[in-house]
Amino acid sequence: MSARDEILGRIRSALRDTPSVPEVPRDYRRSSELGEEELIELLTDRLLDYKANVVVEQASAVPRRLAALLEGTGRYAVPHGLDQSLFAEADGFDGGSSRRVTDAPGHRLSVEELDAVDAVVTGSAVAVAETGTIILDAGPDQGRRVISLVPDRHICIVRAGDITAILPEALRRLDAARPQTWISGPSATSDIELERVEGVHGPRTLDVVIVRG
Amino acid sequence: MSGTFLGMPSLPVFGTGNLHEHEPFPKAAHRELGNTQLRANLGHATGTIRDKRLAVVSELPDWEGLREAGRAIKESVMARLPDLLEKFEANFTARGGKIHWARDAGEANAIVASLIREQGADEVVKVKSMATQEIGLNEYLEDQGIAAFETDLAELIVQLDHDKPSHILVPAIHKNRTQVRDIFLREMEGVDPDLTNEPARLAAAARAHLRRKFLSAKVAVSGANFALADSGTLAVVESEGNGRMCLTLPETLITVMGVEKLLPSWEDLEVFMQLLPRSSTGERMNPYTSLWTGVTPDDGPQNVHLVLLDNGRSAALADEMGRSALHCIRCSACMNVCPVYERTGGHAYGSTYPGPIGAILSPLLTGITAEENNSLPYASSLCGACYDACPVKINIPDILVHLRGEDVDSKRGKKKLPSQMDLGMKAASWALSSGRNLGLVEKALPLGRLAAGPDRKITKLPGIAAGWTQSRDIPAPPGQSFRQWWDKEHRAPAGPAESTAPVEGPEGES
């Protein structure tokens, strides 16, 4: 008998008392009623608690903010689907010569190239204010999972309209089958005497730009 | 398909691998208790996590609702396990993943090794995983000439020190920063000789040590925290980013997962991703969670394998009382609140699964009659703190008591001379079965006074009762029993009628 059939047989045999399938009580919180300002405030508070850096901007001010964040940074990576006009001012800093490298379907950045850039800028799919979690689902403005992992600094753009208060609301906006990365602050460890240290193997710095409007 | 089992019932097949005590718990605990450094490190660590956990749990107004939902979901998973496994398999396979089934540790190890060899690789990077720890994968691969590099900081510390993990969440919890620095200086190639014991410096050393490995590894091995049946999705919950490195960089990913880790659907994840981080590290959310469904073209590993592991889980499932131990999501909240674990540490339990959950899970997976695993259900004060802390409400104390009963029953079946305890109990049973018998026993009281000697204290009892008198004396029994006194006091100037009514038994007294 194959291992598969044998294991399934053992499990069926173990259940010969036919245990009942209980109703799952879903009376935990599944929705909330926070307004946009409250959501921004809560998400900001939780991200700061994780030692992420947070700024809140109007949409029109994002190119200027990105330019400021990227000032003094060498090369940085972006996914092909992120609005490239966001970088108009950042590119201006060094006289138009672009420090930007784009990860695109026909032109994938190698792991070595990603290891050599100083930062990556991505969008995001959804955020959960209560837990300070930003979820990337590999959409065109977020790119492959690896690009937000290898560079030492991740600058992540979160649209205010994509912020939910609690986790169940966020999951309803997502498709399970898409590859996902949930990010709550920068990489961290508490393995030595439970003292939290930011930055082990993933990005050591997480900058979040929350965009109003 | 029918939910009713129609085939021949089979005997449970127990698990193998790192699930056994190496010596009886009382003996191991006695030795570990002498390690003051261990107790200091553990006391600090468990105390810190307890406080953090309490703070983030009390933030949630619906915590009890989430626990109750978590319990019910897991119960329904166990009841429908064969159907859910087939559903998961179909969905994972449809998206380009490959499923392998392993009856026990040996079979799982052989499957993983052959998958690695197929890729022509002789080393792998590893995400911390209880399942691979349970089957002893690293040791097996080493024998096969394949090097497995642990990439979680704590697992790395333990691996470099040729030690064993002592906690399922923070495996190096028993070591302090200075011990970690000494291990790095001794075992890590090319480490800065001026390395200090600051946690940030130590983490940076580990980052530098593993970076090249991540970027060049061809094959990674991981466990999984959850598997979603209705989409075929796997989830890994972690903090450091080493998990993301392993799950996205190599071409081949091999995941080993116990069959009990399934959840029916995507919406169930909303319950468990609230329960797990808060219960385990006391955080609102862990820094990183990765989810993948089979193969995603152009993103992450293109050869994706899952080894589904039985290794005693079907046997645990067959125990109607104990099966809820399989609800465990490996958060470790139970060990952080356990007064026994806090003093003995994880090594005393021998098995991969220490603490209260280990005390029930290990014997359920191996069978309570397994040599040397039958002392684990006694490794508890039955205080119930673990039940209170468990995010899926596993009634650990009840299962401990149930397994103690199983242990006693299994020993009763064996032919052996009755112990002193058996004889004592038999005598007590006779004496207490009627008032007349008790009266007869009481006649022997003055003998006790003789044993006490002139200081009216009994300082040494024989046999199993000796334990009692090791640290205390027993006062000499009174010269007469209550009945004798009563008879004397009420006996009769009034005549024999009153004195001839000896009490027959408890029900006769009113």
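B:Ser332 is buried, with a relative accessible area of 2%; buried here denotes a relative accessible area under 20%, exposed one over 50%, and partly exposed the range in between, with a 1.4 Å probe and protein chains only. The structure is a predicted model, in which local features need a pLDDT of at least 70 and side-chain atom pairs count only at pLDDT 80 or more, whereas totals for chains, interfaces and linings use all residues. Residues are numbered from 1 along each chain as its sequence is written, chains are lettered from A and ligands numbered from 1 in the order in which they are written, and side-chain values use heavy atoms, without hydrogens and water.

B:Ser332 belongs to the loop that joins helix H13 (313-318) to helix H14 (333-337) of chain B. Helices (H or I, at least four residues) and strands (E, at least two) are DSSP runs, numbered from the N terminus. The phi of B:Ser332 is near 80 degrees, a positive value in a residue other than glycine. Most residues other than glycine have a negative phi. A positive phi is also found in chain A, at A:Leu194, where the value is near 60 degrees. A:Leu194 is placed in the loop between strand E10 (188-189) and strand E11 (197-198) of chain A, and A:Leu194 is buried, at a relative accessible area of 17%.

In chain B, the loop between strand E7 (252-258) and strand E8 (262-263) holds B:Glu260. This residue, B:Glu260, is buried, with a relative accessible area of 2%. Its side chain makes a polar contact of 2.9 Å with the side chain of B:Arg330. A polar contact is a pair of N or O atoms within 3.5 Å; within protein, one must be able to donate a hydrogen and the other to accept it, and residues adjacent in sequence count only if both atoms are side-chain atoms. Apart from neighbours within four places in sequence, B:Glu260 is in contact (heavy atoms within 4.5 Å) with B:Lys74, B:Met78, B:Arg313, B:Leu326 and B:Arg330.

Helix H2 (residues 36-58) of chain B contains B:Arg53, a buried residue with a relative accessible area of 10%. Setting aside neighbours within four places in sequence, the contacts of B:Arg53 include B:Arg278, B:Ser279, B:Ala333 and B:Asp388. B:Arg53 and B:Ser280 are 227 residues apart in sequence, yet their C-alpha atoms are 7.4 Å apart in space.

For chain B as a whole, 74% of the contacts with a separation of 6 or more join residues 24 or more positions apart. The chain has 24 helices and twelve strands, and its C-alpha trace spans about 105 × 65 × 50 Å along the principal axes. Of the 510 residues in chain B, 55% are buried.

Confidence in each residue is expressed by the predictor as pLDDT, from 0 to 100. The average for chain B is 90, and 92% of the residues score at least 70. Over residues 497-510 of chain B the pLDDT is below 50, and this stretch has eight contacts in the model beyond near neighbours in sequence. Residues 1-5 of chain B also stay under 50, with nine contacts beyond four places in sequence. For the complex, the predictor gives an ipTM of 0.96 and a pTM of 0.86.
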